[in-house]
Amino acid sequence: MRTSSFGRFLSATAISALLLSACSGEAPSTSESPAATDASTVSVGILQSLSGTMAISEITVKNAEMLAIEEINAAGGVLGTQITAIVEDGASDPASFAQKASKLIENSNVVTVFGGWTSASRKAMLPVFERTNNLLWYPVQFEGNECSPNIMYSGAQPNQQILPAFEWAVEAGYQNYFLIGSDYVFPRTANLIVKKHIENKELSLAGEAYVPLGGTDFSGVIAKVQAAKPDIIFNTLNGDSNVAFFKQLKAAGISSAETPIMSFSIGEQEAQAMGPSLVEGSYATWNYFQSLETAENSSFVDAYKAKFGADAAITDPMVHGYLNVYAWKAAAEKAGSFEVDAVREAVVDLEAFSTPMGMVSFANNQSLVQKALIGKLDASGQFEIIADSGDVISPEPYDALTFPGKVCEL
Amino acid sequence: MDSFALISNQIFNGFSVASIFLLAALGLALSFGLMRVINMAHGEMLMLGGYFAFLTMQIIPGGMGLLVALPVAFIGAAATGGLLQTTLISRLAKRPLDTLLATWGVSLILQQASRDIFGAIGVEVQAPTWLDGGIQITEGMFAGVSLPATRLFIIAVAILVLIGLTLIFRHTRIGLLIRAVNQDRMMAAATGIEVKRADLIIFCLGSGIAGLAGVVLAILGPVTPSVGQSYIVPAFLVVVMGGLGSIAGTTIAALMLGLFSALAQIYVDVSMAQVLLLVFVIVFIQFRPQGVIAQKSRALDV
């Protein structure tokens with residue numbers, strides 16, 4: 001009789017371990033420099049994860065945002081006032097993001113906030129920004145399907161990253177697509193859109209597979225890939241799962257040469273952390289690559305490396321974070337005020353401005369008009385740019401094919 | 001490749017997943033069988049194994065590195081386990097809930113320590129070149145089945161560990177003593193067996209095997225501070241299903257769960273396969289609460 005109660009005790013333990021592991025890995029939040037709003041300074045918030053699983057990616061975005069603020073302050077500030085940055089830690093936890101956003105706006109009286117990375121963090125902060133009528137500058141590519149007057153979406157909409165990648169693949173003659181992603185909102189929505197377009201072009205879907213965030217067992221997924229023999233794999237896995245996926249793919253004898261992989265979450269930093277030899281030869285689509293050869297880009301890369309170390313990898317979200325600060329400055333100066341509604345109206349009226357990724361501007365739907373670039377990873381973890389969208393692409397938060405009739409009206 | 005080949009492939013993958021489950025669960029099963037102790041820090045022994053493999057491969061790169069890493073990880077994890085047992089668990093062993101909490105604390109400390117030392121993102125262990133490739137069957141009824149060398153290696157490690165354990169338990173004096181303690185702790189102590197020493201040996205052995213699991217995991221995926229967390233839950237399920245402390249039961253349960261999850265993945269996503277796995281274990285326990293093999297031990301009658 002005792003055996004079974006021990007059994008029950010053990011199963012209960014296993015289940016509580018499962019539940020508790022979901023909330024471990026967080027560190028207490030830290031806040032730097034207290035708020036100080038007097039006549040000569042204006043406070044802005046920077047809200048990224050400085051601890052937890054997303055810290056590795058988000059700290060670099062924080063650095064890029066801080067770099068822009070320092071440069072602006074050194075050049076005389078905005079509207080004659082210096083910027084004070086108040087940094088808060090979102091701790092890789094959506095609830096912390098919401099709480100810290102409300103703290104920045106309501107206690108520190110910041111005029112705007114730069115930050116966020118995961119869609120979950122953005123969705124958690126959205127009600128806070130709408131309630132207080134403040135403005136969030138969001139720097140990361142995402143799944144679209146959202147449109148708020150209180151968020152400036154500078155990261156790519158699906159039609160600026162995933163669809164250009166798809167169009168490139170169609171032009172290159174790939175017919176049979178396999179979609180692999182982590183099991184959360186971005187891959188699910190992105191693949192929904194890709195599937196509609198595959199159907200529309202009368203191409204075929206070899207398969208679709210989702211793995212829990214952080215999952216490392218790809219045996220089943222790879223067996224399905226081997227059975228389906230796709231022409232190309234679209235990979236929306238996030239984080240550590242990518243390492244396991246590429247390793248097990250290699251072990252199964254599937255090489256990038258015969259089955260190319262197009263990734264949407266692997267940038268320069270991730271490639272270097274994973275070991276470039278593992279991902280060499282695979283493709284990625286972003287709006288910016290460190291290897292972009294322009295004068296603006298090389299001066300940005302040099303400035304970042306001078307401050308944060310010569311080994312630093314520069315990624316797409318960092319540049320979006322950096323240009324967000326400059327866009328806010330330009331809009332505030334055009335409006336002649338830091339007031340949120342005035343800045344919002346001014347930013348969409350701005351002329352195209354120069355950034356490390358080229359000339360960009362904000363559309364009326366508060367998303368960035370930008371190019372898409374397709375790169376192939378080389379042995380050093382940098383991308384060779386092999387194709388681009390040609391002209392800049394107007395952002396479409398709602399894909400017309402997938403979400404017919406939905407439009408973003410602000 | 002047709003669906004028959006896909007199923008054959010998944011059966012093979014199921015064996016390799018089962019091997020990892022088994023290596024992760026054996027230590028838990030052994031220490032639970034002997035001491036009724038639930039070690040929540042067991043997953044971190046696995047993580048330590050991965051980091052030991054990483055360090056070894058830094059010093060000895062190339063083909064031999066992995067073969068050296070196995071004993072290094074075994075000894076390193078065993079030593080850590082031994083330290084944990086003597087300093088903490090042996091003092092708390094009579095209070096199961098306190099042991100649970102204390103070892104969970106140790107688990108968090110070890111995770112944070114490795115995060116501080118090695119960084120929050122994973123470190124990379126490169127599989128040696130002799131593990132590249134594998135066996136591709138191109139003819140006959142199993143045409144299209146591929147057996148990657150890394151997965152064959154994992155299965156081989158699990159089989160060797162099982163053989164080693166069986167030899168120790170059946171043919172050595174210390175194995176005899178451990179079996180005696182397992183059957184009746186008080187009577188064994190009364191006959192002069194050093195019960196504490198048997199506890200320590202079993203704990204070291206279990207932790208060492210988890211260390212080996214960490215090495216084989218490192219060739220499949222990244223070594224991260226939280227790698228142990230993702231395997232501790234299936235390990236607990238294996239122990240519960242196996243019958244709490246029996247090696248044969250643990251092995252059968254690991255095979256059942258590994259094959260179940262691999263075959264489920266043919267029809268559903270990995271996330272759904274995990275849900276079905278939990279449902280499977282719950283249903284199984286309803287019909288056979290004592291597990292695959294019921295352990296005959298006085299310890300359970302107390």
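The structure is a predicted model, in which local features need pLDDT of at least 70, side-chain atom pairs count only at pLDDT 80 or more, and totals for chains, interfaces and linings use all residues. Residues are numbered from 1 along each chain as its sequence is written, and side-chain values use heavy atoms, with hydrogens and water left out.

**Domains**
- Chain A is assigned domain 1 (41–155 + 292–369) and domain 2 (160–286), with bounds from an automatic or database domain assignment.
- The C-alpha centres of domain 1 and domain 2 of chain A are 29 Å apart.
- Contact (heavy atoms within 4.5 Å) involves 17 residues from domain 1 of chain A and 12 residues from domain 2 of chain A.

**Buried area**
- The two domains of chain A bury about 1,200 Å² between them, with 56% of it on carbon and sulfur atoms; this is the accessible area (1.4 Å probe) that two parts lose on being put together, summed over both.
- On the side of domain 1 of chain A, the most area is lost by Gln141(A), Glu143(A) and Ala313(A), together 40% of what that side buries.

**Elements on the domain 1 side**
- Helix 2 (55–74), helix 12 (316–335) and strand 13 (368–369) of chain A each give two or more residues to the side touching domain 2; helices (H or I, at least four residues) and strands (E, at least two) are DSSP runs, numbered from the N terminus.
- Helix 2 of chain A provides the largest share of that side, three residues.

Key: Chains lettered and ligands numbered in written order.
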